[in-house]
Amino acid sequence: MFARRAPYWVHGAQLLWRWVARDRSLQDRSMPLGTFVALACLVASTLAAAQPPVEIQPRNIQDRSVEYWVEQLASNHYLRRETAQQQLIKAGDEAVQPLEQAMVRGDLETTELAIRALGEIAMAQAPDDDSGAWAAINRIATRAAGSKASRAKLVVEEIGTHRSKVAVERLVAGGVYVGSDDFVVQAISTTQVIVQISDTWNGDLQVLEWLRWVQNIQFARVQGAALQKDVLSRLVKMPDLRTIALVDGDIDDATLEPLKQMRSIHSLEIRYVPINETIADQIAKLPIRSSLTLMGTDLASKKVAAMREELPGLKIEYKQGGFLGVQCTDGLNACQINVIVPGSGAQLAGLQPGDVIIKIGDIKVDKFLDLRQKIDEHSEGDELPIEFLRLGQPMQASVTLGRLRER
């Protein structure tokens with residue numbers, strides 16, 4: 001309420017009267033009433049102009065309820081609508097339900113402001129939090145119709161894109177490798193964009209919650225001490241994951257359980273990870289669609305044969321784990337080396353690009369497949385004689401097989 005104030009000319013008259021009372025020269029003169037009032041108004045207006053305006057303190061906006069600010073989203077005043085939106089964002093979880101209701105019953109302007117507020121609240125949620133504003137936006141996207149559903153779907157995509165960028169930053173900061181690297185599938189190495197969780201990871205499982213937001217990466221490698229059920233349970237939430245390599249570690253019967261949650265695994269590579277028959281039975285239950293590679297797993301060949309009978313549509317490659325370290329081009333009855341892996345047994349034995357391998361052990365080599373099949377029968381550390389041609393001249397070497405290492 002405003003305080004009742006006397007007319008400004010009354011205050012001027014009071015000031016003028018005090019002035020006259022102090023000045024005897026003015027007391028000796030007669031002054032018409034109209035002149036007195038005019039002078040009083042002049043004095044009052046002059047003094048009023050020199051004083052700062054009296055501010056009427058508005059009610060603190062923080063005292064307003066969430067429901068009040070939701071109503072203000074439909075205000076005719078732009079600033080009031082913007083203020084309402086900011087206050088609702090500050091309210092956080094408390095504003096989620098009223099905002100969702102406003103989107104259902106509101107007009108286009110209210111819907112736009114409400115979904116933007118929900119988006120900002122959702123953006124502040126933890127990466128593994130599926131409740132609150134994030135759940136509300138997804139409900140609207142799937143249950144609403146027309147422009148409301150379209151706008152909600154757009155916000156879902158915007159949040160996903162933003163979180164994907166943040167996810168890579170958080171994962172890298174936590175020691176997870178995200179980037180281009182060689183990736184072996186069925187003994188073929190290609191350069192891919194991958195996620196690798198290995199000994200460089202800082203061990204913080206909360207960091208791995210960001211994996212669910214990593215977009216457009218199909219390949220992942222889990223290595224060493226990171227081969228844990230808790231790690232795989234977060235890895236399988238990557239939306240585009242298709243191929244997984246489990247390397248250089250130990251697993252138990254429960255480790256692979258999270259992989260059953262995946263809709264599909266295109267290829268699974270298990271290298272230098274000991275596997276018993278119980279774990280092999282768990283692998284047979286996984287949703288693998290294309291290929292399974294078992295390398296250096298110590299699994300009996302008899303069990304592998306049984307798996308092939310049980311899973312006739314799945315390509316199963318079984319290797320003892322020895323690695324020569326060459327890539328060859330198949331020519332006309334010739335296996336010519338075109339790549340030597342640095343530090344491999346082939347390099348240590350003196351083999352060079354351009355050499356043509358003609359025999360390994362007791363097996364004649366006509367093509368690269370012949371060489372690979374022979375190597376697959378041997379383990380790391382096995383020593384084999386090898387015969388090759390260099391510039392047409394026959395030569396011999398002894399090769400000690402190593403271990404396949406990508407990174």
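Me: Before we look at this predicted model, what makes a helix crossing right-handed?
Reply: A crossing is right-handed if the near helix is turned clockwise from the far one by less than a right angle. In this structure, α5 crosses α7 in that right-handed sense.

Me: Thanks! Why are α5 and α7 called roughly parallel?
Reply: Helix α5 (residues 78-91) packs against helix α7 (residues 108-123) at an angle of about 30°, and their axes lie 9 Å apart. Angles under 35 degrees count as roughly parallel, and α5 and α7 are therefore described that way.

Me: Which residues bring α5 and α7 together?
Reply: On the α5 side they are Arg81, Glu82, Gln85, Leu88 and Ile89. These meet Glu109, Leu113, Arg116, Ala117, Glu120 and Ile121 of α7. Sorted by class, the contact has five nonpolar, one polar and five charged residues.

Me: Let's turn to a loop. Why does valine 236 count as buried?
Reply: Buried means under 20% relative accessible area; valine 236 has 13% relative accessibility, so it counts as buried. You will find valine 236 in the loop between α11 (229-235) and β4 (243-247).

Me: What is valine 236 in contact with, leaving aside its neighbours within four places in sequence?
Reply: Its partners are Leu241, Pro258, Leu259, Gln261 and Met262. As for leucine 211, 25 residues away along the chain, its C-alpha atom is 8.4 Å from that of valine 236.

Me: And how many residues of the protein are there, with what share buried?
Reply: The protein has 407 residues, and 44% of them count as buried. Its secondary structure consists of 15 helices and 13 strands.

Note on methods. Residues numbered from 1 in each chain as written. Predicted model: local features only at pLDDT ≥ 70, side-chain atom pairs only at ≥ 80, totals over all residues. Heavy atoms only, no water. Helix = DSSP H or I, 4+ residues; strand = E, 2+ residues; numbered from the N terminus. Buried < 20%, exposed > 50% of the residue type's maximum accessible area, 1.4 Å probe, protein only. Axes fitted to C-alpha atoms, helices over the stretch in contact; angles between N-to-C directions. Parallel < 35°, antiparallel > 145°, perpendicular 65-115°, else oblique. Contact = heavy atoms within 4.5 Å. Nonpolar A, V, L, I, M, F, W, Y, C, P; charged D, E, K, R; others polar.
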